[in-house]
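Please open the model in a viewer and keep the selection tool at hand. The stops below are given in the order in which they may be selected.

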Amino acid sequence: MSKTISHEQDLAIKSENGTVLSAGAGAGKTFVIIEHFIEIIHRYRDKKGSEGIEDFLSKIVIITFTNKAARELKKRVENKLKLLSLESSFWEKVYENRSVCFIGTIHSYCFSLLRASKDLEFSRFEIVDDAMIKQKIKHEIIEYIEINPRILEDFSIKELQHSLEKIFFTPRLRVLWGKDLKSFDEDSLIVDFFNLYPVDMNFSYDNSKKLKWVEFLSSFGMMIEESDPKKRLRNLSHLFNDLKRLPTPSKKSVAPEVSKAFSEIKDLKSALIEFAESLNRFDKSLELRAQELQKLFFSVSKSYFEDGKISFSDIEYLMLTNKESIESKIEEIVVDEFQDVSYTQFEIFKNLVKGDFKKIFAVGDKKQAIYGFRGGEVSVFESLAEKITNNLSMIDNYRSFQKVVKFNNDLFQPEFPLEKVQKPQIEEMGEVCFYDIETSNEEPDLKILETEALFSVVLEKLEAGVSELAILYRFMPPAQDLMRRLIEHDIGFHCSLKIAKSRDPMLSIFTHLLSFKVEKQAIENAAFFIQGYFDYLNIPVTGLLDAIKDFSSSLSFMGLDISWIRFLSRLGVDYGHVDLHLNEIQQLEGYYAGSRTKILYALKETADERIEINVSSKLSQAKIHLMTAHSSKGLEFEEVIVANILTNNRGRSDHLVLGETPLSFSYKYENKRYLTPRFLLERRESSLKQEKESLRLFYVACTRAVKKLSFITGLKFHEKVKEKTWGYYLQNNLPDSKKYDVKDLKVEKLSEIRPIELFQDLDFQITGNQKLYNVSIMPEVSVARLSLLKICPKRFFIEEIIGLDEKDYVVKENSGAGVVSSAERGTKVHEEISNFFLTGKLPKGKPYEYFQKVFKEYESFSITSEKEMKFQVEGKMISGTPDLVLEKGSVLEVWDFKTGAQSTDKNLIYLTQASLYLYGWIQNHQKSYEKIVSRVLYLDEGITVEQVFKGISELESEIENLISRVYFYQKEYPEHPSECSCKVFFPTESVLSDNQVS
C-alpha cells in the first residue's frame, strides 16, 4: 500500500463525533483504524496533556470479529506505539499503558463487563464449548418429555434438540420465543407473503392482441392491485388453479422486463398455492401446539443458567437482557467489519454508548457481508448510517492490479448499483482470464467437468512458474476431487476442511481407551480395536498393552488430558492435531466433574459434530491454497481461480422443525409433514438472504486476487449452467469479453473422480517410531519455540505438542524485578537499532557503539530489518521475525542482537534461531549462496558468536537434524541441561508400575 495517506483516508482518520466508513476491498481499512486510534490520543494530548491518559485509554474500545484479527491488530498497534514512544515522554507513557485499551472480540469484551457487573451471579459463569451446552439442552428436553410425551407426536427428540439449539444459540430468537404468544393474524401474514413475492408490472405491453399470455397478464395485473389482502389471495388462487400451465411468451419476442415479470409470476404461483393451503389448515389445534412448544422452551430456559456454564451466544443474550446491570464508560468504540454485525450486537453497541452514536466509529463494506448464517445483517450497517451524519467512503484499491479492479467494478455493478466503484491505485495492468470449457460429451457431469478443467489450468499455472495460487470454492466437497488429482500427480497444496469427529481415528482411539476404563472391557479387546486404527494409519507401534495399562493407572493422578499424551508418547506417536482433542477433553472433564462415564457418553453423542482441520501435502513444494471464499476473507493472493462456479447453487439447509417464534413450526397431518404459514414465510426470507449473500461471497472471492483472476466457465453451453450459481450470474452480467482473455479449454476425458479418504490418502502428520509422513496438520510453530529442540526435545514436546507453558507445570520462585527491567532494556535496544535503519540515528552507549563497529563493513549490503517471515520446515509451518537479514551477491547473513551475558545454552538456541531464518529466507527467495552465516551479537559484552555454513546443503543438513529430534524426543542429547523442567513431566519408570492398574 502507498506510504502517503490519501485524501479519503485522511478524512476517515481525522473524523469526529461518530462515523460510518464504507471501506472497499484493498482500501487499507486496518491502516485507517490504527491511525484513527492514534488521532484520538493526539486530540486528548492537545486538550489535557498526559494527565489521566491511562484512564482515557481504558475508555477506548476496538472490536474485531475473530481472535486472529484481534491478535494482528494488537501487534500492529503495539508496533506503532513503540515507534512513537521514541519521540516523547507522552507517547512513552501511552506505550506503557497500552494494555488498558481493549482490542479484541465483542464476546471477550462483553464477558469482562459481565464479570465486573453489579449482578454477582455473573461472576461464577464459565464459557464452555458449544457441545457442552447442547448436552444440557438435550437433558432438559428429555426431562420435559417424560412429563409431556404428547409433544413427540409431531417431532423426534433429535429434531427438537437441533431446533432448540438454534434458538438458544441465537439471542434474537431467544428473545422472540420468550415473548407473549401473539394470536394468529391472517391479514398481516398475507401482506408479508406478497411483499416476499413482488412482481414488477412497471412496463407497457399491447393488450389488444388476442394472445394467451397477454390475456393472462391483463387479468393478473388487475388482481395484483386488489387492496384487500384476503381478496387478492383468493382471486389469484382461483386464477392459478384454473390454469393447467402458465402461458409464457418467447423471450426473443418480448422485452426483458416482460420476461422478468413472468419469471416472478412463476415463483409467486408455486408459492401461493402452498401458502393458501397452509392458511386453510391452520386451526385452533395448531395454536395449542404452539403453546406447548413455548412451554418446552420455558422449561429449558428455567434451569439453563443454574450450572454457570455458558456459550458465546449466551454472553450476547445476557448483555441484551441485563443492560441495567452493565456499567461501561466508553469515549469511543471502533467496530471493524460492521457489515457482519447482528441485530443483537447492534443493540449491545447502542446500550454500551447509552444511545450516543457520536461515540461509534464503524468500518465495513456492505458488498462483503457474508456471515448471515451467523446472524450478520447488512441492514444493520444501513441503519447505523441513517443515525450518523458522518458517512465516509474509501474507494481507492491498493491491493489489486488495474484489470482486476475494473473487472470487479463492471461485473458487480448490477448487484450493487448504488455503491461507488473502486479506483485502482496500482499502475500494473494485471490479467483476467476465462477458461471456456469445450467438450464433445453431450450430457457432461458438470462437477467432474469442472474438476478436470480446473486441474488442467493448475498444471498450466505451475508450468508457467506461478509463485502463489489460491483456488476458492463456495463449498469445499468439490475440492476433495481436485485434491485427489493433486495427490496423484505429487503436487503440493494447503487446504482447510471440516470433518465429523467420528472420521478422526485418533479421537476414536481415545474413545476406546476410555471405554476400556469405564465399561471394564478386557484389555485384549480394547487393544484389538486400537491396533486396528494404528494399522489403518499405517503406524507401527509396540508395547500397546503396557501403554493401555499406563493410561488406566495414570488417570487417577494425572487426569484424562495428560494420560492421553503419555499414552501417545509411550508408543512414539507424534500427532500434531492433538491440541483440538485436548481442549475438548479438558472441557468435558471440567463440565462433568471428572465423571468418566458421562464424558464417554458425551463423546459418543457428539461423534457427528464437525471440526475444522488444516491439511497440507508436500509443504516444501506447496504453492496452491484450496479454501472456501469465506475463509479467504481478509486475505490476498497473487493469483486466484474461482472454482465450482457452475455447480454451487446449493444453499444452506438446516432442516429445523421450529422457526423464529412459537407459531413457526412443522407438523404432521395424515402422515405428511406441513409447515405453518409463518414458517413458510421465514423459509422464503432465508432463501432470499442466501441468494444475496451468495453473490456478495462471489464478490469477496473475486477481490482476493492481486495480479491475476481466472474462472472456469461454460460459455459454450450456457443453457446447462444452473440458475443461482456464480456461473449463471457471471454469464448474464459478463463485462465486455474483448477487454479480457478468453481461452478455449478442451476437456474430453471425464473419468469418475473418487473423493479422498482423508487419513489414508493424505498421510496426515502422524508419526510412529521412524516413519515420517508427507502431510502436516501440526499447528504453526514459532522460530523461538522450534529452537528449543536444540537443547531439549522433551521440553519442546511438552510446550509445543501438548501446549503447556513452563509456568503451568513448574513452580518457580519470584526472580525479582530485575528480570523485567532487563527484558525492557533489551526491547529498547532492539527498537533503537530497528529505528536506525529508518532515521540513520543511534543513541550513545556501549551496545550501539559495538553494533556500529560490526555493521560498518556491511553498509553496502541489502538490509531487511524486523520483517516477519513464514516458511515450511519438514512439513511444519514456521513463523518469526529476524532482527536483521543482510544479503550481497553470494553472501547471506542473519544477525540476532542480544543484551546481557552470553552462555553455552543461549548460544545454541540463538544460533539455531538464526539458522532457521537463513533456511526460510533461501526457501522463500529461491536463491543460491556460497557463504551463509548465522551471527549473534552480544552488544553489552562486545562479543560475536557465529556459525558459518559452506553451502545450502550443509545448512539443510543442520535443519534436518534439528527437526528429527521431534520424532526422537525421548532420546538424550549432549546439549541437554542437567537441570531441566522437562523432568517434572516425565516421571521415572517406577511410577508406572503395573500394580497401579485398576
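**A tour of selected contacts**

Glu 660 counts as partly exposed, at 25% relative accessibility; the class runs between buried, under 20% relative accessible area, and exposed, over 50% (1.4 Å probe, protein chains only). The model is predicted, so that local features need pLDDT of at least 70 and side-chain atom pairs count only at pLDDT 80 or more, while totals for chains, interfaces and linings use all residues. Residues are numbered from 1 along each chain as its sequence is written, and side-chain values use heavy atoms, with hydrogens and water left out.

Glu 660 forms a salt bridge with Arg 172, and the closest N and O atoms are 3.3 Å apart; a salt bridge here is a side-chain nitrogen of Lys or Arg within 4 Å of a carboxyl oxygen of Asp or Glu. Because Glu 660 lies in the loop between strand S17 (637–642) and strand S18 (666–669) and Arg 172 in helix H9 (residues 171–177), the pair ties together parts that are 488 residues apart in sequence. Helices (H or I, at least four residues) and strands (E, at least two) are DSSP runs, numbered from the N terminus. Arg 172 is partly exposed, at 28% relative accessibility.

How many salt bridges does a search of the whole structure find? The search finds 45.

Next, select Glu 35 and Lys 80. These residues form a salt bridge with the closest N and O atoms 3.2 Å apart. The pair links distant parts of the chain, with Glu 35 in helix H2 (residues 29–48) and Lys 80 in helix H4 (residues 67–85), 45 residues apart. Glu 35 is buried at a relative accessible area of 15%, whereas Lys 80 is partly exposed at 27%.

Proceed to Lys 447 and Asp 481, whose side chains meet in a salt bridge (3.9 Å, N to O). This pair also links distant parts of the chain: Lys 447 is in helix H19 (residues 446–463) and Asp 481 in helix H20 (residues 477–488), 34 residues apart.

Glu 337 is buried, with a relative accessible area of 18%, and its phi is near 55 degrees, a positive value in a residue other than glycine.

Move on to Lys 354, in the loop between H16 and S7. Phi of Lys 354 is likewise positive, near 55 degrees, in a residue other than glycine. Lys 354 is exposed, with a relative accessible area of 64%.

Then select Gly 375, in the loop between strand S7 (360–364) and helix H17 (378–387). Gly 375 is partly exposed, at 26% relative accessibility.

The last stop is Gln 422, in the loop between helix H18 (402–412) and strand S10 (423–424). Gln 422 is buried, with a relative accessible area of 6%.
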